[in-house]
Structures are given as C-alpha cells and as structure tokens.
Amino acid sequence: MVVDPLPRRRHRRFRPEVIQRLETLAHGTPADLLLETLDRRGPLPARAVCADTALPSETAAQALRQLLQEERVFVLPPMPAPAEDLLKSPASSSQTIASPAGWATLLSV
C-alpha cells in the first residue's frame, strides 16, 4: 500500500519516527493527519495544511476546527481577523497555525 506517493525526501527504513508517520498516514483520522503535518513541517498557513493532507476541504476544515477547539493547535499572531473567522472557514484561511511539537522544532533550529 502506498501511503506517501510524493515524499519530500527518502524515508529511512526502520526508524521509529518514520514508521509512526507512515502508520498515521495509513490509519489516522483527518485530525491526526493535520496534526502530523504541523508537527513535521512546523507553522503553516491553514490553507496549506489542509491542502498538504489532500483531504476533501470540508473534512479538513472540520478536523482543523476540532484541533483548534481542543487546543491541540494554535493560531500565531498577528491575526488580521479574529480566531472565530478561522473556525468558520479554516481550509481557505491564510492565518498561520502551529502545533506545539512543530513550534518546538522551529524554536530549536
């Protein structure tokens, strides 16, 4: 089964983080896929995160709303619009969002 047809780089076989990522891609929920993308790539515009997962836009929007409401991701300032606007149409928003793990990775660079 092909779960990552266009990897950004070659996968290192048998590394636990690679296996975990591929398991998430194969069996994860839409929210898991969005969170994995943010953990791996760091802060991104909401529309880029949704597009990166190749989920249908409404599915991605619903999953992103869930992650925001559960506070598993957060919106980075400056915010030209209130966070509520992001909740209304996250798949088309240009507001930057991040996961705690993605943010930590960015800070450690």
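1. A residue is called buried when its relative accessible area is under 20%, exposed when it is over 50%, and partly exposed in between, with a 1.4 Å probe and protein chains only. By this criterion I97 is buried, at 0% relative accessibility. I97 belongs to strand 3 (residues 96-98); helices (H or I, at least four residues) and strands (E, at least two) are DSSP runs, numbered from the N terminus.

2. The model is predicted: local features need pLDDT of at least 70 and side-chain atom pairs count only at pLDDT 80 or more, whereas totals for chains, interfaces and linings use all residues. Residues are numbered from 1 along each chain as its sequence is written, and side-chain values use heavy atoms, with hydrogens and water left out.

3. A nonpolar core is a set of buried Ala, Val, Leu, Ile, Met, Phe, Trp, Tyr and Cys residues joined through side-chain atoms within 4.5 Å. The largest one has 18 residues, and those with the most contacts inside it are L34, L38, V49, L64, L67, V73 and I97. Helix 2, helix 3 (46-53) and helix 4 (57-69) each contribute at least two residues to this core. For V73, contacts (heavy atoms within 4.5 Å) are found with L35, L38, L64, L67, L68, A98 and S99, leaving aside residues up to four places away in sequence.

4. After the helix comes G42, with a positive phi near 85°.

5. Which residue forms a salt bridge with R40? The partner is E36, at 3.2 Å from N to O; a salt bridge is a side-chain nitrogen of Lys or Arg within 4 Å of a carboxyl oxygen of Asp or Glu. Both residues lie in helix 2 (residues 30-41), 4 residues apart, or about one turn of the helix. R40 is partly exposed at 32% relative accessibility, whereas E36 is buried at 11%.

6. The count of salt bridges is 4. Among them is the pair E58 and R65, whose closest N and O atoms are 3.6 Å apart. Another joins R72 to E70 at 3.3 Å; R72 is partly exposed at 30%, as is E70 at 42%.

7. There is 1 aromatic pair. F74 lies in strand 2 (residues 74-75) and W103 in helix 6 (residues 100-107), so the pair ties together parts that are 29 residues apart in sequence. The rule takes rings of Phe, Tyr and Trp (its six-membered ring) with centres within 6.5 Å; planes under 30 degrees apart are stacked, over 60 edge-to-face and the rest tilted. F74 is partly exposed at 29%, and W103 is partly exposed at 31%.

8. Most residues other than glycine have a negative phi. A54, not a glycine, has a positive phi of about 60°; A54 sits in the loop between helix 3 and helix 4 and is exposed at 67%. E71 has a positive phi near 60°; this residue is in the loop between helix 4 and strand 2 and is exposed at 69%.
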